[in-house]
Amino acid sequence: MSETREYIIVGQGRGVSYTLWDVAPAPTDATKRAIALEEIGVEAMDALGEVATVWAASAREAVDQHVADLRERSGIDDYGLSTDSNLDAYGPAGDVVPACEPYGNAEALAAAGTSVYRLHGRSTPGVPNFNVFGLPKRGHIETRDRVRAGTVNSGLPWSQSNVTVDVGPGEEPTGSSLDLAIACVVLAATGQLPASALAGLVLIGELGLDGRLRPIRGVRDQVRAAVDAGALAVLVPDANVPEAREVGGIRVLGASTLGEALSLLTGHAHHPSDCVHCNDRRGGHRPCTYRMPCPGCAADGIEPAGT
């Protein structure tokens with residue numbers, strides 16, 4: 001018997017057919033599931049759509065069951081998916097239940113001007129969309145286009161879901177130094193980068209359409225802001241590394257492309273040299289040292305040897 005799990009289906013009934021917007025597994029955690037359904041419901045209602053949940057062995061099977069129920073209710077024998085449905089989400093016949101969650105939340109720190117900003121990324125099933133809130137109107141469009149193109153041209157898939165990034169607090173940041181952080185928080189929210197890999201780090205850099213990291217102006221002020229915010233490290237474009245290291249008091253890492261930045265993050269290169277988890281070769285985690293255990297160790301009352 002095939003394994004089943006709960007799927008969330010988002011779309012719009014049109015009387016004689018059903019338009020599928022998205023379908024994805026529901027979070028297995030009850031709290032996350034409740035939050036996701038509430039957020040997705042609001043988004044769907046705003047777009048005149050609806051949300052349904054179905055237990056099935058695949059996304060395709062879940063949609064087929066939902067459409068069959070709608071067909072029975074309508075009494076129309078040829079009721080089915082409309083031609084403008086999101087067939088990429090519908091999936092191939094014989095598809096299997098995915099092992100990972102389809103969406104989630106993530107946070108990252110970025111710097112612009114003389115301030116550090118906290119970015120919150122969120123990915124939910126729904127009409128495929130990408131928005132960055134908290135930027136000037138013109139900056140929002142240009143940033144969105146750079147981040148999406150730079151990510152795709154780095155060989156990374158762009159999630160077919162509703163992706164949003166909120167930038168705050170404080171005044172609207174100007175410039176393009178938030179690009180790298182926005183790209184990383186999107187990848188973390190969509191499950192392509194461990195969210196824990198962004199902990200303790202400030203990301204600074206403009207992302208080119210080809211996925212390269214372009215140098216930015218005023219990096220000294222931004223690194224000083226990162227130091228004042230208590231960050232363990234900063235990641236900047238390679239060309240800005242010498243200038244960034246003039247500040248002192250913080251670990252400085254450099255990368256020339258988004259791909260290189262992701263390699264550094266997943267390898268925990270930004271963690272302290274005495275990071276207990278890194279030395280034990282554990283999986284994704286927040287920075288942990290003998291002087292400052294990570295939240296997981298602290299919650300469990302674990303004091304690493306050598307404290």
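This is a predicted model: local features need pLDDT of at least 70, side-chain atom pairs count only at pLDDT 80 or more; totals for chains, interfaces and linings use all residues.

Visitor: Is Leu48 buried or exposed?
Guide: The cut-off for exposed is over 50% relative accessible area. Leu48 has 67% relative accessibility and therefore counts as exposed.

Visitor: Which loop holds His268, and is His268 buried or exposed?
Guide: Most residues other than glycine have a negative phi. His268 has a positive phi, near 55°. The loop that holds His268 runs between H8 and helix H9 (276-279). Buried means under 20% relative accessible area, and His268, at 12%, therefore counts as buried.

Visitor: How are H4 and H5 oriented to each other?
Guide: Two packed helices are described by the angle between their axes and the distance between the axes. The axes of helix H4 (residues 137-152) and H5 come within 10 Å and cross at roughly 60°. The crossing is right-handed. H4 and H5 are therefore oblique to each other.

Visitor: Which residues make the contact of H4 with H5, and how do they divide by class?
Guide: H4 contributes Thr143, Arg146, Val147 and Thr151, while H5 contributes Asp179, Ile182, Ala183 and Leu187. By class, the residues of this contact divide into four nonpolar, two polar and two charged.

Visitor: What is the reach of H4 from its first C-alpha to its last?
Guide: H4 has 16 residues. At 1.5 Å a residue, the expected value is 22 Å. The reach in the model is close to that, at 23 Å.

Visitor: Which elements do the buried residues of H4 pack against?
Guide: The buried residues of H4 are His140, Thr143, Arg144, Arg146, Val147, Gly150 and Thr151. An α-helix has 3.6 residues a turn, so residues three or four places apart point the same way. The buried residues of H4 pack against strand E7 (129-133), H5, strand E10 (206-207) and H8.

Visitor: How are H5 and H8 oriented to each other?
Guide: Helix H5 (residues 179-189) and helix H8 (residues 258-266) have axes 11 Å apart, at an angle of about 60°. Their crossing is right-handed. H5 and H8 are therefore oblique to each other.

Visitor: What is the make-up by class of the contact of H5 with H8?
Guide: On the H5 side the contact is made by Leu180, Ala183, Cys184 and Leu187. On the H8 side it is made by Leu258, Ala261, Leu262 and Leu265. By class, the contact has no polar residues, no charged residues and eight nonpolar residues.

Visitor: Is Ala189 buried or exposed?
Guide: Ala189 is found in helix H5. Its C-alpha is separated by 24 Å from that of Arg138, 51 residues apart along the chain. With a relative accessible area of 2%, Ala189 is buried.

Visitor: What is the relative accessibility of Arg251, and which residues does Arg251 touch?
Guide: Arg251 is found in strand E13 (residues 251-255). Arg251 counts as partly exposed, at 36% relative accessibility. Leaving out residues up to four places away in sequence, Arg251 touches Leu232, Ala233, Val234, Ala269, His270, His271, Pro272 and Ser273.

Visitor: How far is Arg251 from Gly218 in space?
Guide: In sequence, Arg251 and Gly218 are 33 residues apart. In space, C-alpha to C-alpha, the separation is 18 Å.

Visitor: What share of the residues in the chain is buried?
Guide: The chain has 10 helices and 13 strands. Its C-alpha atoms fill a box of roughly 70 × 50 × 30 Å, taken along the principal axes. Of the 307 residues in the chain, the buried share is 48%.

Visitor: What share of the contacts with a separation of 6 or more comes from residues 24 or more positions apart?
Guide: The count takes in contacts in the chain with a separation of 6 or more. Residues 24 or more positions apart account for 63%.

Conventions:
Residues are numbered from 1 along each chain as its sequence is written. Side-chain values use heavy atoms; hydrogens and water are left out. Axes are lines fitted to C-alpha atoms, for helices over the stretch in contact, and angles run from 0 to 180 degrees between N-to-C directions. Helices (H or I, at least four residues) and strands (E, at least two) are DSSP runs, numbered from the N terminus. Angles under 35 degrees count as roughly parallel, over 145 as roughly antiparallel, 65 to 115 as roughly perpendicular and the rest as oblique. A crossing is left-handed if the near helix is turned anticlockwise from the far one by less than a right angle, and right-handed if clockwise. Contact means heavy atoms within 4.5 Å. Ala, Val, Leu, Ile, Met, Phe, Trp, Tyr, Cys and Pro count as nonpolar, Asp, Glu, Lys and Arg as charged, and the others, Gly among them, as polar. The expected span of a helix is 1.5 Å times one less than its number of residues. Buried means under 20% relative accessible area, exposed over 50%, partly exposed in between (1.4 Å probe, protein chains only).
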